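Please look over the model first.

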Amino acid sequence: MKIFWSFTRQAFQFIVAYRFDFFMEFVLAVVRMYGIYWVWRILYTQKPGAFGVDLVQMTTYGVMGMALEMFIWSRPQWYMASQVKSGAIDTDLMKPLDFHLYMLARSTGEMLIGAGVLGLPALLVAYIFLGVQFPPDVLAGLLFVLSLVLGFLLLFHLNFLLGSLAIVALDIRHISWAYFSVVRFLGGQIVPLWLFPPFVAIIAEVLPFKGTYYIPISIYIGRLAGADALNALGFQAIWLVALVALSRVLWGMAHRRLVVQGG
Amino acid sequence: MMEALRLYVRLVRLSMQARLQYRADFIMGMFNVIALNAVNLGLIGIIVYRFVDLNGWIIWELFFLYCLWLLGHSLYSLFFWHFWDMEDYIVQGTFDQFLLRPASPFIQYLGREVQYIGFADMSVAIAGLILAYTNLHLQWSAAQWLFFPVVILSGTIIETALTLMTACIAFWTGRSSMATNLVMEFNVLVQHYPIDIFGLWFRVIVTGIIPVAFMNYYPALMLLGKLDPRAPSAWLGYMSPIVALILSLIASGVWRLAIRRYSSAGG
């Protein structure tokens with residue numbers, strides 16, 4: 001646990017060193033939140049109460065999608081790809097910590113800092129200027145936090161899998177945009193799944209991506225409540241277990257390959 | 001001038017040859033860009049599928065707006081994308097090489113690279129524009145047909161001038177990518193949505209300060225016949241080339257200042 005925290009601290013120092021970039025990142029996020037806010041506001045003025053949610057719920061959904069974007073994306077895949085390319089990965093493998101856990105520790109540090117430095121201030125702006133609402137009750141708030149943690153872990157493992165894949169098979173630089181956009185699309189970051197046309201919804205409903213944005217935010221705005229919310233959390237948990245198992249297997253293969261090649 | 005052009009073409013040919021060595025990269029890169037655009041258009045499509053229109057813009061009009069921006073952008077990304085990397089040259093001091101050789105540093109820098117990704121953007125944009133034109137049953141007059149390429153080139157110049165200016169910030173601060181990102185953020189919103197849905201201050205920014213709305217929104221009003229000739233702002237529909245001209249003049253001034261600043265710093 002102590003080692004885990006020391007890596008988290010490392011991530012913190014990195015972020016402090018780049019504080020100007022973080023400030024700009026914050027400005028960008030505010031612009032994005034503002035943009036999506038107006039899109040939903042106009043659409044819901046045209047068609048009030050469409051699809052069982054009201055204007056404030058929908059703008060909250062959109063703004064939360066942009067706010068979460070700032071911190072739930074961990075980037076172990078970039079780190080892995082660049083370490084492999086430079087050969088520095090062997091020093092990581094020598095560290096007295098399982099590599100998978102090491103990546104998780106780094107990502108958790110980045111996420112916590114991102115949430116504190118970017119996410120919360122941006123949400124504060126959104127509460128004040130964009131009329132974003134709080135969860136309907138305390139229970140929904142707690143379930144949201146739980147679901148958010150699961151969402152973070154899901155996304156981390158998807159990225160970790162991609163990173164392992166980068167070692168085994170391919171150069172991931174050139175599919176990154178495609179990957180990001182597919183995750184955001186199927187994750188419901190901008191448009192929630194209940195608006196998808198049926199043939200896309202069927203796919204998005206079963207894949208793990210909806211556990212990243214759609215489930216946490218839907219719980220937050222009260223669209224998923226009670227048994228539905230618990231089911232959704234179960235869905236996230238099941239996929240998480242599957243992805244952890246898959247990550248261990250794929251990383252095992254990648255690791256063997258690195259060792260065979262002489263590190 | 002001719003001399004500079006000849007030099008540029010030669011440099012570009014060299015960098016093309018270097019690029020074509022990596023064919024798999026090329027294919028993956030194209031795939032990447034097409035997937036990105038497909039997802040973006042898909043999202044716009046879903047929104048309009050559910051809500052019929054967005055503030056009076058129907059689906060093909062929104063696609064037209066998106067692709068009009070993208071076509072201008074594709075030329076920018078083909079030839080000028082590497083302005084993003086300029087800060088690295090400045091921070092590492094490798095920018096010196098362009099000042100030592102007896103040719104314009106600007107041409108030398110431009111000739112370093114051609115981004116094939118622009119071709120993917122261009123194919124998506126052209127396909128989208130053709131589909132939009134047919135589905136909207138547009139019948140452009142000769143004047144509109146003449147205006148169309150002017151709009152595209154103006155769009156390219158507007159984006160290029162803005163990116164060049166933000167990239168030049170690095171000559172003073174050493175960092176610039178975040179400023180370029182900020183411009184890009186406004187670009188993305190303007191590309192995806194008609195700016196009439198946004199609040200007043202946003203419209204003021206993208207019209208007067210970071211005038212990216214002239215890449216697609218204002219000319220699209222004219223080309224889609226959405227322009228109300230009696231509206232007091234109707235003239236904005238024709239202003240893209242003027243905006244492009246003004247911006248390129250400012251950008252070339254900034255560039256000159258930046259080069260002078262770099263030399264005087266002894267870097």
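Predicted model: local features only at pLDDT ≥ 70, side-chain atom pairs only at ≥ 80, totals over all residues.

**Loop residues and the chain contact**

His137(B) is exposed, as 7 other C-beta atoms lie within 10 Å. Residues are numbered from 1 along each chain as its sequence is written, while chains are lettered from A and ligands numbered from 1 in the order in which they are written.

**Positive phi in loops**

- His137(B) sits in the loop between helix 7 (117-135) and helix 8 (142-173) of chain B. Helices are DSSP runs (H or I, at least four residues), numbered from the N terminus.
- The phi of His137(B) is near 50°, a positive value in a residue other than glycine.
- Phe51(A) also has a positive phi, near 60°, and is not glycine.
- The loop between helix 2 and helix 3 (55-72) of chain A holds Phe51(A).
- Phe51(A) is partly exposed, with 13 other C-beta atoms within 10 Å.

**Contact between chains A and B**

- Chain A gives 26 residues to the contact and chain B gives 28 residues. Contact requires C-beta atoms, placed from the backbone, within 7 Å.
- On the side of chain A that touches chain B, helix 2 (19-46) and helix 8 (176-187) of chain A each supply at least two residues.
- Helix 2 of chain A provides the largest share of that side, 13 residues.

Technical notes. Contact = placed C-beta atoms within 7 Å. Buried ≥ 20, exposed ≤ 12 C-beta atoms within 10 Å, placed from the backbone.
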